[in-house]
Amino acid sequence: MEENLFRYIWRYSKADQIKTLLLVLLSLPFYFLALDLPKRIVNSGISGQGFEEEGALQSFMQFSVPFGETLFGQEVLLFEGFLLDQLGLLFALSFAFLGLVVVNGLFKFVINTLKGQLGERMLRRLRFQLTDRVLRFPILHMRKVKQAEIATMIKDEVEPLGGFIGEAFITPAFLGSQALTAMIFIMIQSFWLGLVAMSIVLVQAFLIPKLRKRLLTLGRERQLTARALAGRIAEIVDGSTVIQANNTSNFERAEISSRLGVIFKIRYEIYQRKFFVKFLNNFLAQVTPFIFYAGGGYLVIQGSLDIGSLVAVIAAYKDLPPPIKDLINWDQQRQDVQIKYEQVIDQFQPNDLIASELQSYDPEKGRTPLSGSVQASSLSLVDENGSKLLDGTSFEFDLSRRVAVVGAPGSGKEFLAMFLPNLIKASSGTLKIANENVERLPTSVTGQRIAYVGSDAFLFSASIRENLLYGLRNYPVTSFEPLEEEKELHAFEQEEAQRTGNSTDDPRAEWIDYEAVGMGSKREEINRLIDVLRIVDLENDIYRFGLTGSLDPDAEPEKANSILQVRAALAEELANEGANDLVVPFDPEQYNKSATLAENLMFGTPRSKRYKGKMLIHAPIMRETLEEAGMLDGMIDRGLVIAKTMVEIFTDLPPDHPFFSQFSFIEADDLPEFSQIVKKAERLSLDDLNEDEREKLLCLPMDYIEARHRLGLVTPEAEMRVINARKIFAEKIQAKDPGAVEFYDPDRYNAAASLQDNILFGRIMYGRADAMEIVGEKLSSAIENLGLRKTVLEVGLDYHVGTAGSKLSAAQRQRLAIGRSLIKKPDLLVLNEAAAVLDSIAQEKLLVSVLKAQEGRGVFWTLQRPVMAKHFDDVLVIQNGRLAESGPYPELADRGRHLPTMLAAE
């Protein structure tokens with residue numbers, strides 16, 4: 001990238017800059033006229049110069065050729081204008097002045113808009129180029145950078161550049177030309193006053209930048225310290241487990257406090273210097289009007305200057321300081337953003353940056369299978385400290401072979417695996433795949449024909465389906481076709497993307513070449529996904545996710561109807577087994593004793609967060625419902641009974657006692673507060689409790705389940721009140737907040753509930769130890785019998801994995817990453833200790849399954865456990881960065897020098 005910011009700006013915005021500069025030049029005559037017109041208004045319109053004789057007239061809007069007398073010996077009129085008396089001329093000149101104000105304002109508006117547009121386009125280009133370079137960072141370099149610092153630079157540190165880019169050439173031209181025009185006008189009116197104005201301007205132009213040099217240095221220090229702070233905070237977030245486990249939070253507070261102190265000192269000095277410079281600049285700006293009033297007034301009294309010229313000079317100088325001040329500010333901003341630009345660019349120019357042409361997509365190369373062999377010749381890798389991670393490693397194997405790599409931790413085997421997909425480059429030696437140097441292979445080959453899985457699986461914040469298919473999104477197979485009403489906007493977006501050097505590929509296009517990966521069409525996608533889930537042993541996990549997931553009955557009515565069929569089939573099967581009492585169904589006319597009081601009151605699934613969890617009791621509609629049903633006081637009474645019971649049971653128990661989780665009404669930390677509320681209610685009465693205390697009691701019964709807690713709080717009379725209240729609540733919701741709650745209906749699919757809740761349509765009865773197992777078994781049986789397991793899996797594939805896969809276990813993340821590589825059906829599958837997070841039994845099961853799926857295609861697997869090498873054709877043994885021995889497993893296991901020792905140690 002260009003190291004000089006101005007060269008970068010001119011390179012990509014030359015045409016737009018020239019167009020705006022021409023507009024600046026066009027505005028100058030109008031600006032000059034706006035400076036000159038006040039003089040004529042005062043002299044002719046107000047003072048009456050030229051109207052001394054009665055009935056005198058003067059011309060208005062008379063135009064002649066500039067310098068006509070000099071060129072032609074006489075004045076050459078272009079337009080004689082209009083003859084007006086003094087009053088008419090005054091109004092004509094005043095309205096002309098108003099018109100020039102509007103014209104000059106429009107010029108500024110258009111020029112500033114063009115500057116803003118230009119700046120945003122260049123900012124978009126710069127951010128895209130920086131992100132593009134991040135995508136081309138070598139992996140070893142990527143491990144050294146902090147993601148928070150990189151993100152901060154792209155998001156925040158280049159933001160000021162966008163504001164400056166539009167002003168880089170236009171602002172000095174616009175402000176400078178205006179200042180020069182004003183200065184020339186002043187000199188024309190009075191040479192001495194012009195000389196004074198020019199002197200003050202020169203002092204400002206020389207002195208202010210000198211004083212601001214230290215500000216630039218401080219600004220650079222502030223930026224570096226703020227960037228380091230962002231990186232340190234990111235480390236605290238990433239290492240939160242380690243911090244809490246080692247009780248080092250106070251050290252981290254001290255460390256952050258120290259960094260914030262440094263930033264405070266820098267910023268405080270910046271404020272002191274900045275406002276001193278501002279004071280000095282304002283003082284110099286006010287000295288000149290003093291000289292004008294005193295000196296100019298003297299010249300008027302002496303008759304050397306007329307009053308109109310003095311007024312015009314003062315008005316012109318009033319317009320002079322802002323451009324000069326803005327030019328000085330622009331110069332400081334120029335130096336500041338140049339430093340920022342250089343610092344940012346320096347961070348995005350690592351050695352061995354991947355060539356952009358290697359990442360351009362080539363569908364044909366991506367479709368062409370690799371054949372032949374892998375040949376490594378004297379591969380060596382040296383880190384930045386000069387230490388050899390790998391030293392002169394040579395080997396060869398056919399692309400159809402299964403190769404295991406074993407070695408002690410730190411032996412260098414993990415780097416060996418990273419060579420094959422060209423994730424790192426050798427310091428010396430060569431690696432060829434299918435007779436091509438791997439460093440010259442485009443990513444359309446290494447990324448599509450070769451699959452890599454490391455030991456630290458990374459997942460994107462998306463669904464399981466999107467993560468599994470991620471490796472297939474290599475290039476847009478078909479272009480995106482917008483709807484008719486969106487075509488104009490889409491065309492504009494494409495044009496802007498092209499103008500700013502951004503990608504014109506649309507993420508909404510079809511990015512998966514189904515034929516290239518052997519699926520034929522999108523219809524076969526789900527079958528391939530399920531096959532992969534079985535291979536990596538994730539099918540049952542995804543099935544469970546599917547049961548807790550939901551689907552849209554409007555978008556998929558057939559699937560919703562099939563879930564209703566499972567509901568009926570489950571009820572029938574439980575009835576046939578004499579176990580229909582294991583699920584207490586939701587009946588509009590019955591109270592469900594295995595559900596919470598809140599569930600019985602709402603009798604539905606909330607869509608709006610206003611009615612979820614503890615928010616329900618605070619919702620105005622629920623409060624109105626309880627009052628109308630005459631339940632509010634009764635709820636507080638029940639809350640007091642629960643509070644008394646909890647205080648009696650838990651007072652002498654430790655906070656970690658299992659009773660707290662069983663009766664989850666009150667947290668251990670809140671017990672003393674409720675104890676005080678109970679004592680106050682017993683000493684006085686419920687009416688004497690304050691509003692906050694009554695609210696706390698009111699919340700407690702909402703989680704009460706009669707069948708579970710058995711406190712006898714829901715009597716038959718109370719059940720009838722709840723059933724009546726649920727009807728009132730439903731009416732109020734439909735009238736005041738329609739769609740906020742999806743109510744239970746035996747004949748309808750509940751779009752807000754999970755598949756499992758829709759199938760059960762009730763709550764599993766409390767009190768039977770085996771109820772959960774029996775119902776779960778019958779539910780799965782009903783799903784299987786109706787052939788709907790695939791439907792449940794499809795819903796499970798839409799399960800969101802969370803940030804970096806945080807909602808999955810480490811083993812699930814690793815299996816998913818392996819599945820993502822298998823779905824490509826690669827010619828060479830490279831796994832770098834990819835099963836290390838699993839136990840030994842799960843590792844072997846997964847390994848056998850993956851090898852079977854890759855039958856006939858190459859596998860290169862660095863193993864954590866050498867004994868698992870028995871499943872491979874060839875074995876490479878790495879020790880201290882060197883290839884110690886290689887060959888078939890039986891041969892090395894019997895007669896090898898190193899592998900038998902490793903096997904014995906295991």
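This is a predicted model: local features need pLDDT of at least 70, side-chain atom pairs count only at pLDDT 80 or more; totals for chains, interfaces and linings use all residues.
Residues are numbered from 1 along each chain as its sequence is written. Local features need pLDDT of at least 70, side-chain atom pairs count only at pLDDT 80 or more, totals for chains, interfaces and linings use all residues, and side-chain values use heavy atoms, with hydrogens and water left out.

The protein chain contains 37 helices and 20 strands (DSSP runs of H or I, at least four residues, and of E, at least two, numbered from the N terminus). Of its 906 residues, 46% are buried (under 20% relative accessible area, 1.4 Å probe, protein chains only). Among contacts (heavy atoms within 4.5 Å) with a separation of 6 or more, 74% join residues 24 or more positions apart.

Leaving aside residues up to four places away in sequence, L863 touches A404, V405, V406, K413, E833, L847, M868, A869 and F872.

Four strands form an open sheet in the order β6-β5-β8-β9, with antiparallel pairing (at least two DSSP bridges between two strands). Its edge strands, β6 (388-398) and β9 (436-437), each pair on one side only. Two bridges link β8 (residues 428-433) to β9 in the antiparallel sense; K432 has N437 of β9 as its bridge partner.

Methods:
Buried means under 20% relative accessible area, exposed over 50%, partly exposed in between (1.4 Å probe, protein chains only).
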